[in-house]
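Dear colleague,

Please find below the structure that I am handing over to you.

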Amino acid sequence: MDIDLLKTFVEVVRTRHFGKAAENLYITQSAVSFRIRQLEQGLGVNLFIRQRNNIQLTAPGERLLPHAQMIITGMQRAKVDVALADNMHKQISLAGTPNIWDAFLQFGITNIVSAMPGVSLVAEVKAQQESTRLLLERTLDLAILFDPPKVDELVVERICELPIIPVSGYDTATNENFFDNQYVYVDWGTTFSLWHARQFTGKTPPYFRTSTGRIALDLILQCGGSAFIPKVLVEGHLETGELFHVKDVENTSRDVFIAYHRDNEQKELIETLVSLLTQMTPSLSLK
């Protein structure tokens, strides 16, 4: 099966629009239509229900999608494996959610690269569900997550606890007005959401919501406001007086987990990487 046909299929699924898929693939819209027809003819099924401004997957299309994604990912990884530089002997891939990169991985990725000579490292930003799927398909070696997947095929280990503290751009912020001064809600995962709902029922709704701590930090630095942000991410701003730790608002924390397939053939490399991730843990104690 032509890999380009599968790539076109996945892009149409993603955009739900033949014209947008064509733009993203740098081909004409007629070429997209031709590739989809080729794929449908080869499989003997219709993959899309085509209506004006409304493209939906058929049942066979739904079944094809995970296989197409797995084949494309596998081909991409195979190309990288084959094209490894002469001084690289092995490859290992890891992924983290955007918030994991913001609050944890960015602080030690250079140390990991330095400590693993001869290993080609692939580091990506992936959503939780996609990371879990890729681990199960064995096209991803290691995922770093806040919410550990409960899947028998995966090994899950806790590697650290990440303190998350209430900070504000206003030195007058207190427990009474913390949520009233442009409060930014950051989605730090399921456990945080449940804790937040229990602790702060009835408080003023946030004026801004985001799934990325870096966005929240930049926003309150530039526009003022308050948010729960990992201590390691705001330490420098607390020291310079740009932000203030609102100490009479309760702190919280998130556990950081790693997950990998229990039958992964690169166990030795994974164990080395897990050890490095544990060692790179920044100073996380609350002062």
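The notes below describe the basis of the model, its nonpolar cores, its salt bridges and some individual residues.

This is a predicted model, in which local features need pLDDT of at least 70 and side-chain atom pairs count only at pLDDT 80 or more, while totals for chains, interfaces and linings use all residues. Residues are numbered from 1 along each chain as its sequence is written, and side-chain values use heavy atoms, with hydrogens and water left out.

**Nonpolar cores and a surface patch**

In soluble globular proteins, nonpolar side chains tend to be buried together. A nonpolar core is here a set of buried Ala, Val, Leu, Ile, Met, Phe, Trp, Tyr and Cys residues joined through side-chain atoms within 4.5 Å; buried means under 20% relative accessible area, exposed over 50%, and partly exposed in between (1.4 Å probe, protein chains only). The largest core has 54 residues, of which Leu142, Ile144, Phe228, Ile229, Val256 and Leu277 touch the most other members. Strand 6 (residues 154–168) supplies the largest share of this core, seven residues. Helices (H or I, at least four residues) and strands (E, at least two) are DSSP runs, numbered from the N terminus. A second, separate core has 21 residues, including Val10, Val32, Leu39 and Leu64.

**Salt bridges**

Side chains of opposite charge can pair when their charged atoms come close. Nine salt bridges are present in the structure, each being a side-chain nitrogen of Lys or Arg within 4 Å of a carboxyl oxygen of Asp or Glu.

One of them joins arginine 14 to glutamate 11, with the closest N and O atoms 2.6 Å apart. These two residues are about one helical turn apart, because they lie three residues from each other in helix 1. Arginine 14 is exposed, at 58% relative accessible area, whereas glutamate 11 counts as buried, at 13%.

Arginine 133 and glutamate 130 also meet in a salt bridge (4.0 Å, N to O). Both belong to helix 7 (residues 128–137) and are three residues apart, so about one helical turn separates them. Arginine 133 is partly exposed at 22% relative accessibility, and glutamate 130 is partly exposed at 29%.

Arginine 254 and aspartate 147 form a salt bridge at 3.2 Å, N to O. This pair links distant parts of the chain, 107 residues apart: arginine 254 is in strand 11 (residues 252–261), and aspartate 147 is in the loop between strand 5 (142–145) and strand 6. Both partners are buried. Elsewhere, salt bridges that share partners join Lys126, Glu130 and Arg133 into one network.

**Individual residues**

Threonine 58 sits in the loop between strand 2 (54–57) and helix 4. Threonine 58 is buried, with a relative accessible area of 12%. A polar atom of its side chain lies 2.6 Å from the backbone oxygen of asparagine 46.

Arginine 63 is placed in helix 4 (residues 59–82) and is exposed, at 55% relative accessible area.

Arginine 16 is in the loop between helix 1 (3–15) and helix 2 (18–25) and is partly exposed, at 32%. Tyrosine 26 is in the loop between helix 2 and helix 3 (29–43) and is exposed, at 78%.

Yours sincerely

Note on methods: Polar contact = N/O pair within 3.5 Å; in protein donor to acceptor, adjacent residues only side chain to side chain.
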